[in-house]
Amino acid sequence: MWPRLVASKLLHRLSSSNSSSAADFPSTTTATSNWDEIINLQRSCNDGKETRNYKLFASTWNVGGMAPPSDDLNLEDWLHTRNESYDIYVLGFQEIVPLSAKNVFGPEKTRVAAKWNSLIGAALNRSSPFSEDRREAKVGEQRVHPVGEGTARSFHCILSKQMVGILVSVWVRADIRRCIRHAGVCCVGCGFMGCLGNKGSISVRFCFHETSFCVVCCHLASGGKEGDELHRNSDVMEIFSRTCFLPRPSLDLPTKIFDHDRVILLGDLNYRISLPEATTVSLVEQKNWNVLLEKDQLRTAVSVGRVFDGWHEGAVTFSPTYKYYPNSDEYYGCIQRKKGEKRRVPAWCDRIMWHGNGIKQKLYERCESKLSDHRPVRSIFDVEVEVVTSLTSPRSF
């Protein structure tokens, strides 16, 4: 039974989510295609442009196979909504379901992804004055409230995609949704037999006004043994080479990751610290991040040109994000291990990087949710977007 199931799953993955692992979401319609042709014709006649700045919130979180513990789980601290409001949220999860054989070879458990998206929407829209004003308008005089910079707004999910335990969810302000076009997704499995989705990436692309964005959410090969970092490097190269978005007829859209104007990569990259366990634990207890980062495998790989050539990462000034006992501030390895417990050493597994010009990082930090054995990491970017000044923005897709 199992060999037949494995073969069937491999054939399905190879034929759908890997060899032609790209699909635009939502699907293209004739009306949208005609609109794109009109837009391109108008642009060819008038190319007046200006640059505008927008705020983009990016975060990665390995939730360790833990479903949201309740329907009212508050994500406002993680999403930073109490003090700030951003224009775009790109959120990447890993292990939203346990990476068991049943979940890898079986159908996607979409209920968990739907629950996370519901909680995200509730957090982003919970205290929006936009929502309150809209309710009041039903029973009283109609009110018109111009949307100004710095005010709270409602948000919509423009794209959400799951591959086994990886989930990407992209949310934008309601008043800029009509400026987002050509959303697409591409999944690359790098897990079992080099193609299943227990490890790999989901990449999403969209065009915001005249600027193309690509967000790559990864879960790379695990393992803390010497040489395991080579598997992670190999996964990165596979993701970069195999990711390809479906082209659109008559439209000059980017299809490969590096074709895009702004690229953000985030996820559980699983890179560890190349030091003996006792030394690592001691340095973590001393909070000696500088010495530890000198032996961080990701930084080593970048410095010698093995992977991520031309990529940027902000200064890491926070504690390692992995591995904690659930609901605890204690790292594995920093207290006496139980009999039979696997060896785990603290590391900065969860990272956010970017590629291309027009991106300026304003914040890079970890959050303190104790839901899983990882801590979430978030970053805030100022992103430059080119806007056609003499052209009415296109409608929502």
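View 1. Helices (H or I, at least four residues) and strands (E, at least two) are DSSP runs, numbered from the N terminus. This is a predicted model, so to speak: local features need pLDDT of at least 70, side-chain atom pairs count only at pLDDT 80 or more, and totals for chains, interfaces and linings use all residues. Residues are numbered from 1 along each chain as its sequence is written, and side-chain values use heavy atoms, with hydrogens and water left out. Of the 397 residues, 52% count as buried (under 20% relative accessible area, 1.4 Å probe, protein chains only).

**View 2. Six strands make an open sheet with mixed pairing.** The order runs S4-S5-S3-S2-S12-S11; strands count as paired if DSSP finds at least two bridges between them. At the edges sit S4 (155–163) and S11 (359–366), each pairing on one side only.

**View 3. Here S2 (residues 49–62) meets S12 (residues 377–388).** The two pair in the antiparallel sense over twelve bridges. Look for Arg-52: its bridge partner in S12 is Val-385.

**View 4. Helix H7 covers residues 228–242.** Buried residues of H7 include Arg-232, Val-236, Ile-239 and Phe-240. Down the axis, the buried residues fall within an arc of 155° (taken from the directions from the helix axis to the C-beta atoms), so they line one face of H7.

Note on methods:
Expected span 1.5 Å × (residues − 1). Buried < 20%, exposed > 50% of the residue type's maximum accessible area, 1.4 Å probe, protein only.
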